[in-house]
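Here is a briefing on helix packing. Look at the model first, then read the points below.

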Amino acid sequence: MAAEVDGLLKRALVPILLPEKCYDQLFVQWDLLHVPCLKILLSKGLGLGIVAGSLLVKLPQVFKILGAKSAEGLSLQSVMLELVALTGTMAYSITNNFPFSSWGEALFLMLQTITICFLVMHYRGQTVKGVAFLACYALVLLVLLSPLTPLAVVTLLQASNVPAVVVGRLLQAATNYRNGHTGQLSAITVFLLFGGSLARIFTSIQETGDLLLAGTFVVSSLCNGLIAAQLLFYWNAKPAHKQKKVQ
């Protein structure tokens, strides 16, 4: 019976969360304080948790836009720059054969972000422009992921993520400040992105050792923290037209 339980546990953990040598170290030799293996377990667990959470992280934002039939308060330029950053991270990670647990959320966040881009355009009366944007983005993505694109180009795109993230978040912060409220910005989405980017600093260093990738998440955490702080500051603020209705 014990052997069966051990076999099931091993199949569940190896190689998804642990290499076999770490499984033996922790669960055969019972060296539960083996720091290198604990780091791997924590990193893999966090990484997979972030990837799983990313399936839903931006859906509150999508549903909030659909429910209000408005994208008021969202900066289209900010959303597009975030899309550029996500695309760069995804293409760079795939090209360098990084583990899926270290970047997988970029794929799901990209799909949700491009949906938000389209909805912003749609509710601004630019539906045709939105459809054209989707087609162009799909074409660019295919080219980036093809063998035709040199590694240097993909690396340059990843390096451009830092200014893209900073400018994108500052545009959103400026929009919030100018409006005096955060409009249809979803608090759930913002706080989940903030927590996820913080955790990604550790997992990217642990799983890839790539300082460019880790640096991007440091900057992303700082910028997401700024938007999260604004959400708290403007928590009770309402758009001007809503205030008039109450009066």
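**Helix α5 and its two partners**

α5 passes α6 in a left-handed crossing. This is a predicted model. Two packed helices are described by the angle between their axes and the distance between the axes. The points below take each pair in turn.

**α5 with α6**
- Helix α5 covers residues 76-95, and helix α6 covers residues 104-122.
- They pack at an angle of about 155°, with axes 9 Å apart.
- Angles over 145 degrees count as roughly antiparallel, so α5 is roughly antiparallel to α6.
- On the α5 side, the contact residues are Leu-76, Val-79, Met-80, Glu-82, Leu-83, Leu-86, Thr-87, Thr-89 and Met-90.
- They meet α6 residues that include Ala-106, Leu-109, Thr-113, Cys-117 and Met-121.
- The residues of this contact divide into 15 nonpolar, three polar and one charged.

**α5 with α9**
- Helix α9 spans residues 161-179.
- α5 and α9 pack at an angle of about 155°, with their axes 8 Å apart.
- That angle makes α5 roughly antiparallel to α9.
- α5 passes α9 in a left-handed crossing.
- α5 contributes Gln-77, Ser-78, Leu-81, Glu-82, Val-84, Ala-85, Gly-88 and Thr-89 to the contact.
- From α9 come Asn-161, Ala-164, Val-165, Val-167, Gly-168, Arg-169, Leu-171 and Gln-172.
- Here the residues divide into seven nonpolar, seven polar and two charged.

**Residues in both contacts**
- Glu-82 and Thr-89 of α5 are among the residues that meet α6, and they are also among those in contact with α9.

Conventions:
Residues numbered from 1 in each chain as written. Predicted model: local features only at pLDDT ≥ 70, side-chain atom pairs only at ≥ 80, totals over all residues. Heavy atoms only, no water. Axes fitted to C-alpha atoms, helices over the stretch in contact; angles between N-to-C directions. Helix = DSSP H or I, 4+ residues; strand = E, 2+ residues; numbered from the N terminus. Parallel < 35°, antiparallel > 145°, perpendicular 65-115°, else oblique. Left-handed = near helix turned anticlockwise from the far one by under 90°. Contact = heavy atoms within 4.5 Å. Nonpolar A, V, L, I, M, F, W, Y, C, P; charged D, E, K, R; others polar.
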